[in-house]
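Please read them alongside the coordinates.

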Amino acid sequence: MLSKGINSRYRYSVPDMLDESADGSYQSGGENNGDTVLVVNPSSGSGATGKNWDNLYVQIKNILGESPKVAFTKKSGDGIILTRGFLKNGFKNIVAIGGDGLINEVANGFFSIPVKEERRKGRVGKDTNVSINDGASEVHEEEIQHVLEPVNPNAFMAIMPCGTRNVIAKSLDLPSQLEDCCQRIVNGNPVKIDVISAAVTRISENDTIDSNIVSELDSPRIFLNAAEIGVGAEIIDRSKKIRDTVKSRILSTITSMIATIPTYSSNVCEISVDEGRKKLITTMTMAVVANGRYLGGGFMAAAKAHIS
């Protein structure tokens with residue numbers, strides 16, 4: 001088991017029901033004593049969640065009327081691993097307690113990503129298989145697709161925002177107070193929401209935009225609120241790197257904007273709509289696929305968007 005202390009009075013393991021294997025990954029194991037688990041990022045809210053956890057847990061337990069299992073994340077990606085493990089072990093209610101990053105990881109943990117290969121007709125090109133059928137050349141392209149499948153279609157996800165921005169909570173019109181969120185979990189009605197699935201394709205240096213030859217396809221990620229491409233994504237990426245030195249989220253964002261915007265060059269982008277039936281090639285500075293109304297910092301980018 002991995003364990004680490006938040007303070008001298010409280011210790012946690014990541015997680016109680018998942019054992020760490022020899023290669024460092026988490027394996028499902030242990031007993032299922034209930035159907036609700038809290039997946040918590042103790043570093044959220046500039047560390048306030050972890051420091052105040054004893055009091056927060058008492059509030060949650062009193063309102064929910066049970067003693068839910070608790071699992072704390074230690075590093076990026078833990079939320080995905082923990083959520084998938086708990087769902088596979090029979091837990092049906094996963095409560096994400098943290099900021100937008102942890103909420104995104106828990107949402108991704110609700111899906112498994114099996115890889116499927118498909119053969120489709122196409123033109124001759126690199127890495128293309130050509131078969132002979134009745135004396136005529138028939139071209140087939142091997143296409144690898146990642147298909148998202150729910151780990152447990154009957155499971156529910158709840159959100160208790162404890163981050164510094166809580167953008168997804170704003171888009172969902174969730175209350176800002178943890179106690180109010182607990183009351184909504186107990187008394188509210190669950191609703192289905194839309195999700196965005198985004199996969200990154202990496203084109204080799206020798207390929208052109210119209211070659212349709214992809215050297216690598218990353219596993220897709222689920223987004224609840226929005227996905228950004230271009231200068232906005234570049235600013236966010238630099239901000240995360242700067243934050244290792246500058247702990248302030250506001251300062252790291254401002255620094256990243258100053259470093260990025262003056263030198264950023266628009267990229268050539270191919271936009272494909274309706275499974276490729278409509279395509280557009282254009283230069284692009286920034287694009288946002290908005291599921292929710294707000295972006296980082298509370299900026300309302302899509303006033304008419306509705307996640308559900």
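1. Basis of the note. This is a predicted model, in which local features need pLDDT of at least 70, side-chain atom pairs count only at pLDDT 80 or more, and totals for chains, interfaces and linings use all residues. Residues are numbered from 1 along each chain as its sequence is written, and side-chain values use heavy atoms, with hydrogens and water left out.

2. Helix α2. Twelve residues, 53–64, make up α2 (helices are DSSP runs of H or I with at least four residues, strands runs of E with at least two, numbered from the N terminus). From first C-alpha to last, α2 reaches 16 Å, close to the 16 Å expected at 1.5 Å a residue; the expected span is 1.5 Å times one less than the number of residues.

3. W53, L56, Y57, I60, I63 and L64 are buried (under 20% relative accessible area; exposed is over 50% and partly exposed in between, with a 1.4 Å probe and protein chains only). Viewed down the axis of α2, the buried residues fall within an arc of 135°, so they line one face of the helix; the arc is taken over the directions from the helix axis to the C-beta atoms. N55 and N62, on the other side of α2, are exposed.

4. Strand β5. V37 belongs to strand β5, residues 36–40, and is buried at a relative accessible area of 0%.

5. Second largest pocket. This pocket holds about 1400 Å³ of space. Of its 39 lining residues, F156, M157, A158, P190 and V191 are the closest to its centre. A pocket is an open set of points on a 1 Å grid over the protein atoms alone where a 1.4 Å probe fits, with protein on both sides within 12 Å along at least five of seven lines; lining residues have an atom within 4 Å of a point. At least two lining residues each come from β7 (93–98), β13 (156–161) and α6 (178–187).

6. Cysteines. The structure holds zero disulfides (pairs of cysteine sulfur atoms within 2.5 Å). For C181, the nearest cysteine sulfur is that of C182, 7.1 Å away. C181 is buried at 3% relative accessibility, and C269 is buried at 16%.

Key. Points joined across faces, edges and corners; volume = space filled by probe spheres on them.
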